[in-house]
Amino acid sequence: MIPKTLQMLLGHSNIGITMNLYIHTTEEEEKKEIDLVAETLMVM
């Protein structure tokens, strides 16, 4: 789900509330992001 859409559906006035309460990452997602950053840095 798109966080901004979730914010609207839940009626939060601030996206930070939605992100802090409902958006969580998994170890697998964190590893993918770390790998993407590492790839990007190697290209430079």
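Q: What makes a group of residues count as a nonpolar surface patch?
A: A nonpolar patch joins side chains of Val, Leu, Ile, Met, Phe, Trp or Tyr that lie within 5 Å, each residue having over 30% relative accessible area and no salt bridge. In this predicted model, Met1, Met8, Leu9, Leu10, Ile17, Met19, Leu21, Tyr22 and Ile23 make such a patch, with an area of about 920 Å². Two or more residues of the patch come from each of helix 1 and helix 2 (15-22).

Q: Which element gives the largest share of the nonpolar patch?
A: Helix 2 does, with four residues.

Q: Why is Ile23 called partly exposed?
A: The relative accessible area of Ile23 is 33%. Partly exposed covers the range between the buried limit, under 20%, and the exposed limit, over 50%, and therefore Ile23 is placed in that class. Ile23 sits in the loop between helix 2 and helix 3.

Q: How is the chain built from its secondary structure elements?
A: The protein has three helices and zero strands, and from the N terminus on its elements run α-α-α. The C-alpha trace spans about 40 × 20 × 15 Å along its principal axes.

Q: Why is Leu6 called buried?
A: Buried means under 20% relative accessible area. Leu6 has 15%, so Leu6 is buried. This residue lies in helix 1.

Q: Which residues does Leu6 touch beyond its sequence neighbours?
A: Contact means heavy atoms within 4.5 Å. Leaving aside residues up to four places away in sequence, Leu6 touches Met1, Thr18, Tyr22 and Ile23. Leu6 and Met19 are 13 residues apart in sequence, and their C-alpha atoms are 9.3 Å apart in space.

Q: What makes Gln7 buried or exposed?
A: The relative accessibility of Gln7 is 7%, and so Gln7 counts as buried, the limit being under 20%. Gln7 belongs to helix 1 (residues 3-10). With residues up to four places away in sequence left out, Gln7 touches His12, Ser13, Asn14, Ile15 and Thr18.

Q: What part of the protein is buried?
A: Of the 44 residues, 9% are buried. The accessible surface comes to about 4,100 Å², and 63% of that surface belongs to carbon and sulfur atoms.

Q: How many salt bridges does the whole structure hold?
A: A search of the whole structure finds two.

Q: Why is the pair Glu28 and Lys32 called a salt bridge?
A: A salt bridge requires a side-chain nitrogen of Lys or Arg within 4 Å of a carboxyl oxygen of Asp or Glu. The N to O distance between Glu28 and Lys32 is 3.7 Å, and the two side chains meet in a salt bridge. Because they are four residues apart in helix 3, about one helical turn separates them. Glu28 is exposed, its relative accessible area being 56%, where the class requires over 50%.

Q: What makes Lys31 and Asp35 a salt bridge?
A: The closest N and O atoms of Lys31 and Asp35 are 3.0 Å apart, and the limit is within 4 Å, so the pair forms a salt bridge. Lys31 and Asp35 are four residues apart in helix 3, which means that about one helical turn lies between them. Asp35 has a relative accessible area of 32% and is therefore partly exposed.

Q: Why is the charge of the patch made by Glu27, Glu29, Glu30 and Glu33 called negative?
A: Asp and Glu count as negative, and Glu27, Glu29, Glu30 and Glu33 gather in one patch on the surface, so the patch is one of negative charge. Among these residues, Glu33 has its place in helix 3 (residues 27-43).

Key:
Residues numbered from 1 in each chain as written. Predicted model: local features only at pLDDT ≥ 70, side-chain atom pairs only at ≥ 80, totals over all residues. Heavy atoms only, no water. Patch = residues over 30% accessible without salt bridge, like charges linked within 9 Å, V, L, I, M, F, W, Y side chains within 5 Å. Areas by Shrake-Rupley, 256 points an atom, 1.4 Å probe, with all protein chains shown as cover. Charge placed at Lys NZ, Arg CZ, Asp CG, Glu CD. Buried < 20%, exposed > 50% of the residue type's maximum accessible area, 1.4 Å probe, protein only.
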